[in-house]
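Here is a friendly tour for anyone who likes to look at pockets and helix packing. Please keep the viewer open as you read.

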Amino acid sequence: MAVYEHSYRQYAGRLTPAWSRFLVIPRHAYRDVFRTKLFVAFYAACYIFPLAAACIIYLHHNVNALALLRIGDVRALVPINASFFHYFTTFQCSLAFFLVLLVGPPLISRDMANNALPLYLCRPFSRVEYVAGKASVIAILLSLVTWVPGLLLFFFQAYLEGVGWLWSNLWIAGSIFLASAIWIVLLSLLALSVSAWVKWRVVASGALLGMFFIPSAFGEIINAMFLTRIGHLFSFGALMNNIWLGLFGLFVPQTGRIQGRITDSMHDNQLVDIRLIEPPLWASWFVIALVCAFCLWLLLRKVRAYEVVK
């Protein structure tokens with residue numbers, strides 16, 4: 001509008017709090033995410049196992065239902081303990097990985113291809129808020145299928161079992177949340193890093209899939225060649241499994257033993273037991289932290305208002 005008409009007025013509407021500005025990104029991103037029928041169907045299927053787990057917990061405390069279904073001692077068959085919630089968390093986190101394959105690749109690549117980053121960053125919107133907004137698209141979706149139903153199951157069991165069980169097993173609730181949160185952070189950073197550097201969605205999805213399976217295969221080759229478990233340090237799945245076992249108090253450093261033969265001058269084809277020692281728990285935490293830091297560095301290099309092309 002022309003300035004000489006003196007019709008310009010300052011914005012008098014409600015201002016969005018500065019701390020929540022990054023939430024505008026997931027609010028608009030979910031419109032495109034849930035537009036796909038395939039994603040909606042798979043996301044709904046992610047709640048089948050939580051419903052089955054809730055039924056198992058309910059059967060533990062309902063004798064009439066057990067008699068009607070002609071089920072024996074379900075307490076001995078499926079005990080509700082740390083192993084139960086560890087298996088639940090592992091299964092749901094595996095489903096979360098496939099959700100990231102559907103959601104993560106186009107999050108930043110679409111903005112990079114359409115040169116939309118200057119439009120974001122020319123407003124009172126920092127690079128950190130932009131990355132946090134994109135990461136929250138993944139984090140909110142994955143939270144609703146991992147630690148949120150896990151905690152609901154935990155408190156459902158505590159409600160049926162009593163306050164004594166709740167206080168003695170309260171650490172399991174923290175393990176459910178922390179195990180899921182670490183997995184969500186790792187998947188979010190990996191997906192955003194691939195999305196920022198690869199502009200084609202199919203290639204980005206393949207790269208994200210290969211980052212999990214190719215290093216795992218390489219690690220298994222190292223384990224088979226050198227009769228060790230050090231190769232698990234190259235596998236995201238094995239690293240996270242060690243961390244999850246440690247959080248639920250189930251990690252055992254020495255987890256494998258195989259039989260081998262020694263053929264030398266002193267031992268003529270002698271059969272011996274070879275103990276395979278799992279890498280220490282701190283090594284798994286260190287590698288995951290290193291990968292997350294590297295992904296953050298990649299994002300900070302790529303997410304800019306402009307790009308200098310040499």
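Predicted model: local features only at pLDDT ≥ 70, side-chain atom pairs only at ≥ 80, totals over all residues.

Residues are numbered from 1 along each chain as its sequence is written, and side-chain values use heavy atoms, with hydrogens and water left out.

**The largest pocket**

The volume of the largest pocket is about 720 Å³. A pocket here is an open set of points on a 1 Å grid over the protein atoms alone, where a 1.4 Å probe fits, with protein on both sides within 12 Å along at least five of seven lines; lining residues have an atom within 4 Å of a point. Grid points are joined across faces, edges and corners, and the volume is the space filled by probe spheres set on them.

The lining has 26 residues, and nearest the centre lie Ile25, His28, Ala29, Tyr120 and Lys134. Helix α1 (24–33) is one of the helices that supply at least two lining residues, as are α2 (37–45), α6 (82–103), α7 (106–113) and α8 (117–121). The largest share, six residues, comes from α1. Helices are DSSP runs (H or I, at least four residues), numbered from the N terminus. By class, the lining has 16 nonpolar, three polar and seven charged residues. Nonpolar covers Ala, Val, Leu, Ile, Met, Phe, Trp, Tyr, Cys and Pro, charged covers Asp, Glu, Lys and Arg, and the others, Gly among them, are polar.

**Helix pairs**

Axes are lines fitted to C-alpha atoms over the stretch in contact, and angles run from 0 to 180 degrees between N-to-C directions.

| Pair | Angle | Axis distance |
|---|---|---|
| α6 and α14 (236–247) | roughly 150° | within 10 Å |
| α12 (170–197) and α13 (201–226) | about 135° | 9 Å |
| α3 (48–60) and α10 (147–161) | about 10° | 10 Å |

Angles under 35 degrees count as roughly parallel, over 145 as roughly antiparallel, 65 to 115 as roughly perpendicular and the rest as oblique. His86, Thr90 and Cys93 of α6 meet Asn241, Trp244 and Leu245 of α14, where contact means heavy atoms within 4.5 Å. These contact residues comprise three nonpolar, three polar and no charged.

At about 135°, α12 is oblique to α13. Their contact involves residues including Trp183 and Leu187 of α12 and Met211 and Phe212 of α13. It has ten nonpolar, no polar and no charged residues.

Finally, α3 and α10 are roughly parallel to each other. Among the residues that meet are Pro50 and Tyr58 in α3 and Pro149 and Gln157 in α10. This contact has nine nonpolar, one polar and no charged residues.
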